[in-house]
Amino acid sequence: MNATSSASFRGIDPATGKPLDAEHPVHGPGDVERACTLAATAFRTYRETSPAQRAAFLEAIAERILRTGDRLLDIACAESGLPAARILGERGRTVGQLRLFAEVVRAGDWVDVRIDPALPDRQPAPRSDLRLRKVGIGPVAVFGASNFPLAFSTAGGDTASALAAGCPVVLKAHPAHPGTSALVAAAIADAVAACGLPEGVFQHLSGPGNALGSALVRDPRIKAVAFTGSRAGGLALVALAAARPEPIPVYAEMSSVNPVFLLPGALTAKAEALGEAFIGSLTLGAGQFCTNPGLVFAVAGEALARFEAAAAASLARTRAATMLTSGIHAAYERGIERLAVHGEVQQLARGCASDGENQGRGALFAVDAATFRADPALREEVFGAASIIVRCADLETLMALAGEIEGQLTGTMHLDRDDHETARRLLGLLEDRCGRVLVNGWPTGVEVCHAMVHGGPFPATSDVRSTSVGSLAIERFLRPVCYQDVPDDLLPPALRRSNPLQLPRREG
């Protein structure tokens, strides 16, 4: 979308700290007004597209993203500091998400057609003809994420699931990767035109600062918000949405430290291997994953000492990595410093030093359970490759702490056969606090599929009932509508007696 003002801004190469050449428009209130008007105008037409039409549109977006070729990869690498292999994989995930939702739309289960036919002779009272379908809720504001310039941004999972639900999207690009977002937005706009859809099905806004996003959330035509980022940012959007004359849902994925529990049998048997693997997960992508393992709980003793030594040695060999932005790097350094000067926290290791710009060095700390329990600040997320090992006096202490943690995206148990009885108890605690429970794995890496949950109780997300990854994400942008005694020729095709769309039905 062309901006109404001549103001512009540039992306920053985090590896050098220098502005990139391309200039990008700064959109303002007038642009938000126009984008939301177009989205609202397009909504009714787009909502009633057939599953085949909508699926073809999602596939057209995927194809056009692939056509951008190396240009997209080069821009994304320059704006994020992430390596080419990571961006290539992320592009594959983005395309895969779009194609997954195309399959979901074609299958039709998401419409959730339910029919209870009329029972005119029922006593003591007849029953009307009742038919239910789910429809898109309206235009959705999607906020691009800093740490996934493709898979959680312009054409990422939030956009794909909203479009799959029949909802136009107004995208607020993340200012850290404006060129990446603009190129993907152009691919989406081309798909919109090629599929003969209204222009307002997708609108793209860019600019630094918070005013643009605030104006978007306040616009009365926006009916839901999807956000991935910090707790402070997510809660600010929740407050804005709740203060509207018509409050709307905000699906914010925010803060998680993703605790890992090393049970005694597994820790004794493979302490060194676990220590090495833990550091691999911790430092992946400079630790800039929302599923980064930021806490480790284990019973103190010889086995835990071996784990700590292996982890510390591995981290000391790990090179620093460029973080996404100077702001993220500065916040990471403040978080590390806060832990380093804590009188009761022991620093076990740091990663290799680097003279480059915005280089994140991994950091590993340890603390006893009593100190951890007494200081809530030790439970706060440090976004980056930082983690705290909590040394527990016994299993009962470990269990007690598991019952006290905040809501999380993930909870991980490492165990062997001898640990199953303990794991059974721990599993119940983690089910109450986590969206995904892992055994003998590491939380980094989120599969895009039907069974995945990338969500969890607050503060992991602002809505415990939702997921932002996987086919279930479409449910966030749907609502049920019941049609009572509506003549067949007036019913939407999904509910007509002839079932022209061949959708699955539940009939009473």
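Q: What is the strand order in the open sheet of 7 strands?
A: The order runs β13-β15-β16-β11-β10-β17-β18, and the pairing is mixed. Strands here are DSSP E runs of at least two residues, helices are H or I runs of at least four, and both are numbered from the N terminus. Two strands pair if DSSP finds at least two bridges between them.

Q: Before we go on, what kind of model is this?
A: This is a predicted model, where local features need pLDDT of at least 70 and side-chain atom pairs count only at pLDDT 80 or more, while totals for chains, interfaces and linings use all residues. Residues are numbered from 1 along each chain as its sequence is written, and side-chain values use heavy atoms, with hydrogens and water left out.

Q: Thanks! Back to the sheet: which strands stand at the edges?
A: Those are β13 (346-350) and β18 (434-439); each has a single partner strand, so one side of each has no neighbour in the sheet. From one strand to the next, the twist averages 20°.

Q: And in what sense do β10 and β11 pair?
A: Strand β10 (residues 260-262) pairs with β11 (residues 295-299) in the parallel sense, over 3 bridges. Val 260 stands opposite Val 296 in β11.

Q: Which strands does helix α13 touch?
A: Helix α13 (residues 395-402) packs on the sheet and touches β10, β11 and β16 (386-392). Contact means heavy atoms within 4.5 Å. The direction of α13 makes about 155° with that of β11; axes are lines fitted to C-alpha atoms, for helices over the stretch in contact, and angles run from 0 to 180 degrees between N-to-C directions.

Q: New topic: how much space lies in the largest pocket?
A: About 1,100 Å³. It has 40 lining residues, and the closest to its centre are Phe 227, Gly 229, Ser 230, Arg 231 and Gly 233. On a 1 Å grid over the protein atoms alone, a pocket is an open set of points with protein on both sides within 12 Å along at least five of seven lines, a cavity is a set where a 1.4 Å probe fits but cannot get out, and lining residues have an atom within 4 Å of a point. Grid points are joined across faces, edges and corners, and a volume is the space filled by probe spheres set on the points.

Q: Which element gives the largest share of that lining?
A: Helix α11, with 6 residues.

Q: What about cavities, how many turn up?
A: The search of the whole structure finds 4 cavities of 30 Å³ or more. The largest cavity holds about 130 Å³ of space, and among the residues closest to its centre are Val 257, Gly 294 and Glu 381. Strand β16 gives the most to its lining, with 3 residues.

Q: One more thing: is Cys 77 buried or exposed?
A: Cys 77 is buried, with a relative accessible area of 18%. The cut-offs are under 20% for buried, over 50% for exposed and partly exposed in between, with a 1.4 Å probe and protein chains only. Cys 77 sits in helix α3 (residues 69-80). Leaving aside neighbours within four places in sequence, Cys 77 is in contact with Leu 82, Pro 83, Ala 84 and Ile 87.

Q: And where is Lys 270 found?
A: In helix α9 (residues 264-283). Lys 270 counts as partly exposed, at 32% relative accessibility.
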